[in-house]
Amino acid sequence: MAMRASAPFLLAAALAAPAPASEAPPPSPAHAVDPDVREIVSGISPERIQRSIYVLASFKTRHTLSDPLPSGDGIGGAASWIRAEFDRASAQAGGRLKVELDSFEQPPSPPRNPQKAQITNIVATLKGTDPDSEGRTLVVSGHYDSRATSLLDAASPAPGADDDASGVASVLEVARVLSHFKFRATIVFLAVAGEEQGLYGSTHWAQGAKERRADIEAMLDNDIIGSSRSEGGKVDRGTVRLFAQGIPPVAAPDEGLTALIRAGGENDTPPRELARAVREIAAAYVPSMNVRVVYRADRYLRGGDHLPFLERGYPAVRFTEPAEDFRRQHQDVREEKGVQYGDTPDHVDFAYTADVARVNAAALAVLARAPAPPRDVQIEAARLENDTTLRWAPNPEPDLAGYRIVWRETTSPFWEHGLDLPRNVTRTTVRDVSKDNVVFGVEAFDAAGHASPAVFPRARTTL
Ligand SMILES: [Zn+2]
(Lines give C-alpha, C1' and ligand atoms only; values in the text may rest on other atoms or scores of the structure.)
Protein backbone atom coordinates (compact mmCIF):
# COMPACT_ATOMS: atom_id res chain seq x y z
CA MET A 1 0.00 0.00 0.00
CA ALA A 2 1.49 3.29 -1.05
CA MET A 3 1.42 6.12 1.42
CA ARG A 4 1.06 9.57 0.00
CA ALA A 5 1.41 12.96 1.56
CA SER A 6 -1.82 14.41 0.22
CA ALA A 7 -2.76 18.04 0.62
CA PRO A 8 -5.41 17.45 3.31
CA PHE A 9 -2.95 15.29 5.21
CA LEU A 10 -0.32 17.99 5.21
CA LEU A 11 -2.79 20.68 6.16
CA ALA A 12 -4.13 18.62 9.03
CA ALA A 13 -0.61 18.04 10.23
CA ALA A 14 0.12 21.75 10.03
CA LEU A 15 -2.98 22.61 12.04
CA ALA A 16 -2.14 20.08 14.71
CA ALA A 17 1.42 21.29 14.99
CA PRO A 18 2.37 24.04 17.43
CA ALA A 19 1.91 27.57 16.11
CA PRO A 20 5.03 29.29 14.83
CA ALA A 21 6.37 32.18 16.85
CA SER A 22 5.54 34.65 14.10
CA GLU A 23 2.36 36.76 14.04
CA ALA A 24 2.35 36.99 10.23
CA PRO A 25 -0.68 35.69 8.32
CA PRO A 26 -0.53 32.05 7.28
CA PRO A 27 0.73 31.30 3.77
CA SER A 28 -1.37 29.94 0.92
CA PRO A 29 -2.57 26.37 1.30
CA ALA A 30 0.06 23.75 0.75
CA HIS A 31 -0.01 22.03 -2.64
CA ALA A 32 -2.64 24.32 -4.15
CA VAL A 33 -3.48 23.09 -7.61
CA ASP A 34 -2.05 25.09 -10.53
CA PRO A 35 -4.61 25.09 -13.40
CA ASP A 36 -1.76 25.48 -15.92
CA VAL A 37 -0.22 22.22 -14.74
CA ARG A 38 -3.59 20.51 -15.15
CA GLU A 39 -3.73 21.89 -18.71
CA ILE A 40 -0.16 20.71 -19.37
CA VAL A 41 -0.97 17.19 -18.17
CA SER A 42 -4.08 16.94 -20.33
CA GLY A 43 -2.21 18.43 -23.30
CA ILE A 44 0.19 15.46 -23.53
CA SER A 45 -0.88 13.47 -26.58
CA PRO A 46 -0.55 9.65 -26.75
CA GLU A 47 -1.12 9.92 -30.52
CA ARG A 48 1.85 12.23 -31.06
CA ILE A 49 4.00 10.00 -28.83
CA GLN A 50 2.90 6.97 -30.87
CA ARG A 51 3.81 8.73 -34.11
CA SER A 52 7.25 9.71 -32.80
CA ILE A 53 7.99 6.17 -31.67
CA TYR A 54 6.96 4.77 -35.06
CA VAL A 55 9.09 7.31 -36.92
CA LEU A 56 12.15 6.64 -34.75
CA ALA A 57 11.70 2.88 -35.07
CA SER A 58 11.43 3.23 -38.86
CA PHE A 59 15.12 4.07 -39.22
CA LYS A 60 16.85 0.77 -39.91
CA THR A 61 19.09 1.20 -36.91
CA ARG A 62 20.08 4.09 -34.67
CA HIS A 63 23.33 2.43 -33.67
CA THR A 64 25.97 5.00 -32.76
CA LEU A 65 28.27 3.79 -35.57
CA SER A 66 25.51 3.56 -38.21
CA ASP A 67 24.99 5.88 -41.20
CA PRO A 68 25.64 9.45 -40.00
CA LEU A 69 24.07 11.13 -43.04
CA PRO A 70 20.95 13.22 -42.28
CA SER A 71 19.29 11.74 -45.38
CA GLY A 72 20.19 8.15 -44.45
CA ASP A 73 18.33 5.42 -42.56
CA GLY A 74 20.78 5.36 -39.64
CA ILE A 75 21.48 7.48 -36.60
CA GLY A 76 22.15 10.60 -38.68
CA GLY A 77 18.67 10.44 -40.14
CA ALA A 78 17.15 10.01 -36.68
CA ALA A 79 19.11 12.98 -35.30
CA SER A 80 17.99 15.14 -38.20
CA TRP A 81 14.33 14.18 -37.62
CA ILE A 82 14.52 14.89 -33.87
CA ARG A 83 16.07 18.27 -34.54
CA ALA A 84 13.32 19.12 -37.03
CA GLU A 85 10.67 18.12 -34.47
CA PHE A 86 12.17 20.40 -31.82
CA ASP A 87 12.39 23.20 -34.43
CA ARG A 88 8.73 22.70 -35.33
CA ALA A 89 7.72 22.75 -31.66
CA SER A 90 9.68 25.96 -31.22
CA ALA A 91 8.06 27.61 -34.25
CA GLN A 92 4.62 26.73 -32.88
CA ALA A 93 5.54 28.32 -29.55
CA GLY A 94 6.78 31.60 -30.95
CA GLY A 95 10.42 30.53 -31.14
CA ARG A 96 10.72 30.06 -27.39
CA LEU A 97 12.67 26.80 -27.60
CA LYS A 98 16.31 27.31 -28.53
CA VAL A 99 17.42 24.22 -30.46
CA GLU A 100 21.13 23.36 -30.73
CA LEU A 101 23.35 20.45 -31.64
CA ASP A 102 25.99 19.37 -29.13
CA SER A 103 28.30 17.45 -31.45
CA PHE A 104 31.69 15.97 -30.61
CA GLU A 105 34.13 13.23 -31.52
CA GLN A 106 34.29 10.35 -29.04
CA PRO A 107 37.72 8.70 -29.09
CA PRO A 108 37.85 4.89 -29.39
CA SER A 109 37.41 2.98 -26.13
CA PRO A 110 37.45 -0.75 -26.84
CA PRO A 111 35.72 -3.09 -26.40
CA ARG A 112 32.46 -1.11 -26.37
CA ASN A 113 33.58 1.37 -29.00
CA PRO A 114 36.44 0.14 -31.21
CA GLN A 115 36.58 3.22 -33.44
CA LYS A 116 36.15 6.93 -32.96
CA ALA A 117 32.54 8.05 -33.18
CA GLN A 118 30.81 11.29 -33.98
CA ILE A 119 28.18 11.81 -31.28
CA THR A 120 25.42 14.38 -31.54
CA ASN A 121 23.08 15.41 -28.74
CA ILE A 122 20.04 17.47 -29.67
CA VAL A 123 19.44 20.12 -27.01
CA ALA A 124 16.32 22.29 -26.76
CA THR A 125 16.29 24.98 -24.07
CA LEU A 126 13.21 26.72 -22.69
CA LYS A 127 14.72 29.66 -20.91
CA GLY A 128 13.33 30.71 -17.54
CA THR A 129 11.32 33.93 -17.57
CA ASP A 130 12.57 35.25 -14.23
CA PRO A 131 16.03 36.85 -14.63
CA ASP A 132 16.86 35.97 -11.01
CA SER A 133 15.95 32.30 -11.48
CA GLU A 134 16.83 31.49 -15.09
CA GLY A 135 20.21 30.09 -13.99
CA ARG A 136 18.32 27.35 -12.16
CA THR A 137 18.12 24.45 -14.61
CA LEU A 138 15.97 21.33 -14.86
CA VAL A 139 16.96 18.66 -17.38
CA VAL A 140 14.85 15.90 -18.94
CA SER A 141 16.41 13.31 -21.24
CA GLY A 142 15.99 10.24 -23.42
CA HIS A 143 18.56 8.47 -25.63
CA TYR A 144 17.93 8.04 -29.34
CA ASP A 145 20.67 5.53 -30.16
CA SER A 146 19.70 1.85 -30.30
CA ARG A 147 21.40 -1.53 -30.54
CA ALA A 148 20.94 -5.11 -31.73
CA THR A 149 22.14 -8.26 -29.92
CA SER A 150 25.79 -7.49 -30.58
CA LEU A 151 26.79 -4.13 -29.17
CA LEU A 152 29.13 -3.60 -32.12
CA ASP A 153 26.59 -4.50 -34.83
CA ALA A 154 25.86 -1.22 -36.60
CA ALA A 155 24.07 -2.83 -39.55
CA SER A 156 21.28 -5.14 -38.31
CA PRO A 157 17.84 -3.68 -37.74
CA ALA A 158 17.58 -2.13 -34.26
CA PRO A 159 14.20 -0.40 -33.96
CA GLY A 160 14.71 0.52 -30.28
CA ALA A 161 11.03 1.36 -29.82
CA ASP A 162 10.91 0.98 -26.04
CA ASP A 163 14.68 1.44 -25.52
CA ASP A 164 14.57 4.30 -25.96
CA ALA A 165 12.33 5.83 -28.61
CA SER A 166 9.74 5.87 -25.81
CA GLY A 167 11.96 8.23 -23.78
CA VAL A 168 12.84 10.48 -26.74
CA ALA A 169 9.21 10.65 -27.92
CA SER A 170 8.19 11.67 -24.39
CA VAL A 171 10.89 14.34 -24.14
CA LEU A 172 9.71 15.75 -27.51
CA GLU A 173 6.10 15.74 -26.40
CA VAL A 174 6.83 17.36 -23.03
CA ALA A 175 8.83 20.05 -24.87
CA ARG A 176 5.94 20.69 -27.29
CA VAL A 177 3.48 21.21 -24.45
CA LEU A 178 5.67 23.05 -21.92
CA SER A 179 7.00 25.53 -24.48
CA HIS A 180 3.58 27.23 -24.51
CA PHE A 181 3.86 28.08 -20.80
CA LYS A 182 6.14 30.25 -18.68
CA PHE A 183 8.46 28.99 -15.96
CA ARG A 184 10.78 30.95 -13.74
CA ALA A 185 13.60 28.39 -14.08
CA THR A 186 15.14 27.03 -17.29
CA ILE A 187 14.19 23.61 -18.66
CA VAL A 188 16.57 21.70 -20.96
CA PHE A 189 15.19 18.91 -23.18
CA LEU A 190 17.91 16.45 -24.18
CA ALA A 191 17.96 13.72 -26.81
CA VAL A 192 21.35 12.07 -26.36
CA ALA A 193 23.31 9.44 -28.28
CA GLY A 194 26.07 6.96 -27.46
CA GLU A 195 24.14 5.65 -24.42
CA GLU A 196 24.48 1.99 -25.35
CA GLN A 197 28.16 2.40 -26.18
CA GLY A 198 29.00 4.03 -22.86
CA LEU A 199 26.76 6.99 -21.88
CA TYR A 200 28.85 9.16 -24.19
CA GLY A 201 26.33 11.85 -25.06
CA SER A 202 25.04 12.42 -21.54
CA THR A 203 28.57 12.35 -20.12
CA HIS A 204 29.70 15.02 -22.58
CA TRP A 205 26.75 17.30 -21.86
CA ALA A 206 26.93 16.82 -18.07
CA GLN A 207 30.67 17.53 -18.09
CA GLY A 208 30.09 20.72 -20.08
CA ALA A 209 27.41 21.77 -17.60
CA LYS A 210 29.75 21.17 -14.69
CA GLU A 211 32.56 23.15 -16.35
CA ARG A 212 30.31 26.16 -16.82
CA ARG A 213 29.05 25.67 -13.25
CA ALA A 214 25.47 25.14 -14.34
CA ASP A 215 23.02 25.06 -11.46
CA ILE A 216 21.16 21.83 -12.28
CA GLU A 217 18.50 21.27 -9.63
CA ALA A 218 17.00 18.16 -11.17
CA MET A 219 17.69 15.73 -13.97
CA LEU A 220 15.00 13.26 -15.09
CA ASP A 221 16.23 10.39 -17.25
CA ASN A 222 13.57 8.51 -19.23
CA ASP A 223 14.85 5.17 -20.47
CA ILE A 224 12.54 2.22 -21.27
CA ILE A 225 9.21 3.79 -20.37
CA GLY A 226 7.19 2.22 -23.19
CA SER A 227 5.65 -0.97 -21.90
CA SER A 228 3.27 -1.86 -19.11
CA ARG A 229 3.69 -5.61 -19.70
CA SER A 230 6.39 -7.71 -18.04
CA GLU A 231 8.17 -10.65 -19.64
CA GLY A 232 5.85 -12.92 -17.67
CA GLY A 233 2.78 -11.19 -19.12
CA LYS A 234 1.74 -9.20 -16.04
CA VAL A 235 0.23 -5.83 -17.00
CA ASP A 236 0.55 -2.82 -14.70
CA ARG A 237 -0.55 0.42 -16.34
CA GLY A 238 -0.46 2.48 -13.17
CA THR A 239 3.15 2.26 -12.03
CA VAL A 240 6.44 3.77 -13.11
CA ARG A 241 9.68 3.09 -11.27
CA LEU A 242 11.85 6.01 -10.25
CA PHE A 243 15.41 5.06 -9.34
CA ALA A 244 17.07 7.39 -6.83
CA GLN A 245 20.59 7.01 -5.51
CA GLY A 246 21.49 7.29 -1.82
CA ILE A 247 25.12 7.61 -0.79
CA PRO A 248 27.26 7.76 -3.95
CA PRO A 249 29.97 5.08 -4.28
CA VAL A 250 32.93 7.41 -3.82
CA ALA A 251 36.28 6.38 -2.40
CA ALA A 252 36.56 9.39 -0.13
CA PRO A 253 33.39 11.23 0.96
CA ASP A 254 33.82 15.01 1.05
CA GLU A 255 32.91 17.13 4.06
CA GLY A 256 29.27 17.53 3.08
CA LEU A 257 28.74 13.83 2.46
CA THR A 258 30.49 12.90 5.71
CA ALA A 259 28.22 15.28 7.65
CA LEU A 260 25.15 13.80 5.93
CA ILE A 261 26.16 10.26 6.86
CA ARG A 262 26.99 11.27 10.46
CA ALA A 263 23.54 12.83 10.82
CA GLY A 264 21.76 9.70 9.62
CA GLY A 265 20.92 11.39 6.33
CA GLU A 266 21.94 8.53 4.07
CA ASN A 267 18.35 8.33 2.84
CA ASP A 268 18.12 12.08 2.28
CA THR A 269 20.58 12.74 -0.51
CA PRO A 270 19.40 15.32 -3.09
CA PRO A 271 18.34 12.59 -5.59
CA ARG A 272 16.09 11.05 -2.93
CA GLU A 273 14.57 14.42 -1.95
CA LEU A 274 13.96 14.97 -5.68
CA ALA A 275 12.28 11.57 -6.01
CA ARG A 276 10.00 12.35 -3.04
CA ALA A 277 9.03 15.67 -4.64
CA VAL A 278 8.30 14.02 -8.00
CA ARG A 279 6.17 11.39 -6.30
CA GLU A 280 4.09 14.01 -4.46
CA ILE A 281 3.62 16.06 -7.65
CA ALA A 282 2.50 12.95 -9.55
CA ALA A 283 0.02 12.13 -6.78
CA ALA A 284 -1.47 15.62 -7.12
CA TYR A 285 -1.58 15.90 -10.93
CA VAL A 286 -1.45 12.37 -12.39
CA PRO A 287 -3.26 10.40 -9.68
CA SER A 288 -3.64 7.35 -11.92
CA MET A 289 0.14 6.87 -11.74
CA ASN A 290 1.96 5.50 -8.74
CA VAL A 291 5.60 6.61 -8.78
CA ARG A 292 7.31 3.60 -7.27
CA VAL A 293 10.48 5.10 -5.85
CA VAL A 294 13.35 2.62 -5.76
CA TYR A 295 16.17 3.49 -3.40
CA ARG A 296 19.09 2.55 -5.65
CA ALA A 297 20.83 4.27 -8.55
CA ASP A 298 19.67 1.80 -11.19
CA ARG A 299 18.81 -1.85 -11.81
CA TYR A 300 21.44 -4.58 -11.46
CA LEU A 301 23.70 -4.88 -14.54
CA ARG A 302 22.28 -1.69 -16.03
CA GLY A 303 23.04 2.01 -16.13
CA GLY A 304 21.67 5.12 -17.76
CA ASP A 305 22.12 8.75 -18.64
CA HIS A 306 21.39 9.95 -15.10
CA LEU A 307 24.66 8.39 -13.88
CA PRO A 308 27.06 10.97 -15.41
CA PHE A 309 24.96 13.69 -13.73
CA LEU A 310 25.09 11.90 -10.37
CA GLU A 311 28.84 11.49 -10.73
CA ARG A 312 29.14 15.26 -11.12
CA GLY A 313 27.09 15.97 -8.02
CA TYR A 314 23.76 16.77 -9.69
CA PRO A 315 20.47 15.31 -8.37
CA ALA A 316 19.43 12.88 -11.11
CA VAL A 317 16.83 10.10 -11.18
CA ARG A 318 15.68 7.50 -13.71
CA PHE A 319 12.18 6.59 -14.86
CA THR A 320 11.68 3.02 -16.14
CA GLU A 321 8.57 0.91 -16.78
CA PRO A 322 7.31 -1.30 -13.90
CA ALA A 323 8.69 -4.64 -15.15
CA GLU A 324 10.74 -5.18 -18.29
CA ASP A 325 10.49 -7.72 -21.07
CA PHE A 326 14.09 -8.66 -21.73
CA ARG A 327 13.21 -10.46 -24.96
CA ARG A 328 12.47 -7.01 -26.34
CA GLN A 329 15.67 -5.26 -25.35
CA HIS A 330 19.11 -5.40 -27.00
CA GLN A 331 17.89 -8.26 -29.21
CA ASP A 332 18.01 -8.89 -32.95
CA VAL A 333 14.52 -8.77 -34.41
CA ARG A 334 13.58 -12.42 -34.98
CA GLU A 335 11.21 -15.22 -34.14
CA GLU A 336 12.55 -18.25 -32.31
CA LYS A 337 10.42 -21.22 -31.28
CA GLY A 338 7.32 -19.08 -31.61
CA VAL A 339 8.73 -16.28 -29.43
CA GLN A 340 9.14 -12.77 -30.82
CA TYR A 341 12.40 -11.02 -30.03
CA GLY A 342 13.35 -7.43 -30.75
CA ASP A 343 12.32 -3.95 -29.69
CA THR A 344 9.51 -3.27 -32.17
CA PRO A 345 6.75 -0.65 -31.73
CA ASP A 346 3.92 -3.20 -31.66
CA HIS A 347 4.72 -4.08 -28.05
CA VAL A 348 4.70 -0.45 -26.86
CA ASP A 349 1.73 0.81 -24.82
CA PHE A 350 1.41 4.39 -26.05
CA ALA A 351 -1.21 5.42 -23.50
CA TYR A 352 1.07 4.17 -20.74
CA THR A 353 4.06 6.03 -22.19
CA ALA A 354 1.94 9.18 -22.31
CA ASP A 355 1.12 8.79 -18.62
CA VAL A 356 4.84 8.62 -17.81
CA ALA A 357 5.35 11.72 -19.97
CA ARG A 358 2.58 13.40 -17.93
CA VAL A 359 4.43 12.64 -14.71
CA ASN A 360 7.55 14.22 -16.22
CA ALA A 361 5.63 17.25 -17.48
CA ALA A 362 3.93 17.90 -14.14
CA ALA A 363 7.18 17.47 -12.20
CA LEU A 364 9.11 19.82 -14.50
CA ALA A 365 6.32 22.40 -14.52
CA VAL A 366 5.91 22.49 -10.74
CA LEU A 367 9.63 22.45 -9.96
CA ALA A 368 10.42 25.11 -12.60
CA ARG A 369 7.72 27.36 -11.16
CA ALA A 370 8.68 26.66 -7.55
CA PRO A 371 11.15 28.78 -5.65
CA ALA A 372 14.67 27.41 -5.33
CA PRO A 373 15.25 24.85 -2.57
CA PRO A 374 16.21 26.77 0.60
CA ARG A 375 19.92 27.33 1.10
CA ASP A 376 22.06 26.93 4.17
CA VAL A 377 19.49 24.81 6.01
CA GLN A 378 20.70 23.97 9.49
CA ILE A 379 19.41 22.06 12.48
CA GLU A 380 20.57 23.48 15.79
CA ALA A 381 22.55 20.82 17.60
CA ALA A 382 24.61 22.76 20.11
CA ARG A 383 22.84 21.36 23.19
CA LEU A 384 20.73 18.40 24.26
CA GLU A 385 16.97 19.03 24.01
CA ASN A 386 13.72 17.40 22.94
CA ASP A 387 12.52 20.26 20.71
CA THR A 388 13.92 20.88 17.25
CA THR A 389 15.09 24.24 15.96
CA LEU A 390 15.81 24.78 12.27
CA ARG A 391 17.15 27.81 10.44
CA TRP A 392 17.90 28.66 6.83
CA ALA A 393 18.86 31.56 4.58
CA PRO A 394 16.00 33.65 3.17
CA ASN A 395 14.94 32.76 -0.38
CA PRO A 396 15.26 35.62 -2.91
CA GLU A 397 11.99 35.20 -4.88
CA PRO A 398 9.69 38.25 -4.51
CA ASP A 399 6.58 36.05 -4.68
CA LEU A 400 7.81 33.56 -2.11
CA ALA A 401 4.92 32.59 0.17
CA GLY A 402 6.82 30.69 2.81
CA TYR A 403 8.63 27.59 3.94
CA ARG A 404 7.41 24.16 4.83
CA ILE A 405 9.06 22.08 7.50
CA VAL A 406 8.51 18.40 6.71
CA TRP A 407 9.40 15.39 8.79
CA ARG A 408 8.96 11.64 9.03
CA GLU A 409 10.03 8.68 11.10
CA THR A 410 13.63 7.68 10.33
CA THR A 411 12.31 4.33 9.10
CA SER A 412 9.65 5.86 6.82
CA PRO A 413 10.29 6.37 3.12
CA PHE A 414 8.19 9.51 2.52
CA TRP A 415 7.30 12.73 4.35
CA GLU A 416 4.57 12.26 6.95
CA HIS A 417 4.15 15.69 8.56
CA GLY A 418 4.24 19.26 7.38
CA LEU A 419 4.25 22.67 9.02
CA ASP A 420 3.84 25.78 6.85
CA LEU A 421 5.51 29.03 7.86
CA PRO A 422 5.18 32.51 6.35
CA ARG A 423 7.99 34.02 4.30
CA ASN A 424 9.41 36.22 7.04
CA VAL A 425 10.28 33.21 9.20
CA THR A 426 13.75 31.76 8.67
CA ARG A 427 14.16 30.09 12.05
CA THR A 428 11.62 28.04 13.93
CA THR A 429 11.27 25.60 16.78
CA VAL A 430 9.11 22.51 16.43
CA ARG A 431 8.13 21.68 20.03
CA ASP A 432 8.12 18.11 21.31
CA VAL A 433 9.41 16.64 18.07
CA SER A 434 12.98 15.57 18.66
CA LYS A 435 15.53 15.70 15.85
CA ASP A 436 16.99 12.58 17.45
CA ASN A 437 13.92 10.57 16.46
CA VAL A 438 12.77 11.85 13.08
CA VAL A 439 14.20 13.18 9.81
CA PHE A 440 13.53 16.84 8.97
CA GLY A 441 13.59 18.74 5.69
CA VAL A 442 12.80 22.31 4.65
CA GLU A 443 11.02 23.30 1.42
CA ALA A 444 10.21 26.71 -0.07
CA PHE A 445 6.88 27.42 -1.76
CA ASP A 446 5.27 30.27 -3.66
CA ALA A 447 1.83 31.88 -3.49
CA ALA A 448 0.46 29.38 -6.02
CA GLY A 449 1.63 26.45 -3.90
CA HIS A 450 4.56 25.23 -6.02
CA ALA A 451 7.01 23.69 -3.56
CA SER A 452 10.71 22.96 -3.98
CA PRO A 453 12.18 19.60 -3.06
CA ALA A 454 13.08 19.36 0.61
CA VAL A 455 16.59 20.11 1.82
CA PHE A 456 18.15 17.96 4.53
CA PRO A 457 19.60 20.18 7.27
CA ARG A 458 23.21 20.02 8.30
CA ALA A 459 23.98 20.07 11.99
CA ARG A 460 24.95 23.44 13.49
CA THR A 461 26.99 22.68 16.56
CA THR A 462 27.67 26.29 17.60
CA LEU A 463 25.11 28.52 19.33
ZN1 LIG B 1 18.26 2.50 -22.84
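Two strands pair if DSSP finds at least two bridges between them. In this predicted model, strand β13 (residues 400-409) and strand β14 meet that condition, with six bridges in the antiparallel sense. Within this pair, G402 lies opposite P422 of β14. Strand β14 covers residues 417-422. Five of its six residues are buried, so the strand is mostly covered.

Helix α9 spans residues 270-285 and contains 16 residues. The distance from its first C-alpha to its last is 22 Å, close to the 22 Å expected at 1.5 Å a residue. A residue counts as buried if 20 or more other C-beta atoms lie within 10 Å of its own. By that test 16 of the 16 residues of α9 are buried, so the helix is largely enclosed by the rest of the structure.

Helix α7 (residues 200-211) has twelve residues. Several residues of α7 are buried, among them Y200, G201, S202 and T203. H204, W205, A206 and A209 of this helix are buried too. Just after α7, R213 adopts a positive phi of about 55°.

The largest nonpolar core has 123 residues. Those that touch the most other members are L178, A282, A361, A362, L364 and A365. Helix α11 (residues 350-369) supplies the largest share of this core, with 14 residues. The core also draws on two domains, taking at least three residues from each of domain 1 (7-30 + 374-460) and domain 2 (36-369). L364 illustrates the contacts in detail. Leaving aside residues up to four places away in sequence, L364 touches L138, V140, V174, L178 and I187. One of these, L178, is itself among the core residues that touch the most other members.

Conventions:
Residues are numbered from 1 along each chain as its sequence is written. This is a predicted model: local features need pLDDT of at least 70, side-chain atom pairs count only at pLDDT 80 or more; totals for chains, interfaces and linings use all residues. Helices (H or I, at least four residues) and strands (E, at least two) are DSSP runs, numbered from the N terminus. The expected span of a helix is 1.5 Å times one less than its number of residues. A residue is buried if 20 or more other C-beta atoms lie within 10 Å of its own, exposed if 12 or fewer, and partly exposed in between; C-beta atoms are placed from the backbone. A nonpolar core is a set of buried Ala, Val, Leu, Ile, Met, Phe, Trp, Tyr and Cys residues joined through C-beta atoms within 7 Å. Domain bounds come from an automatic or database domain assignment. Two residues are in contact if their C-beta atoms, placed from the backbone, lie within 7 Å.
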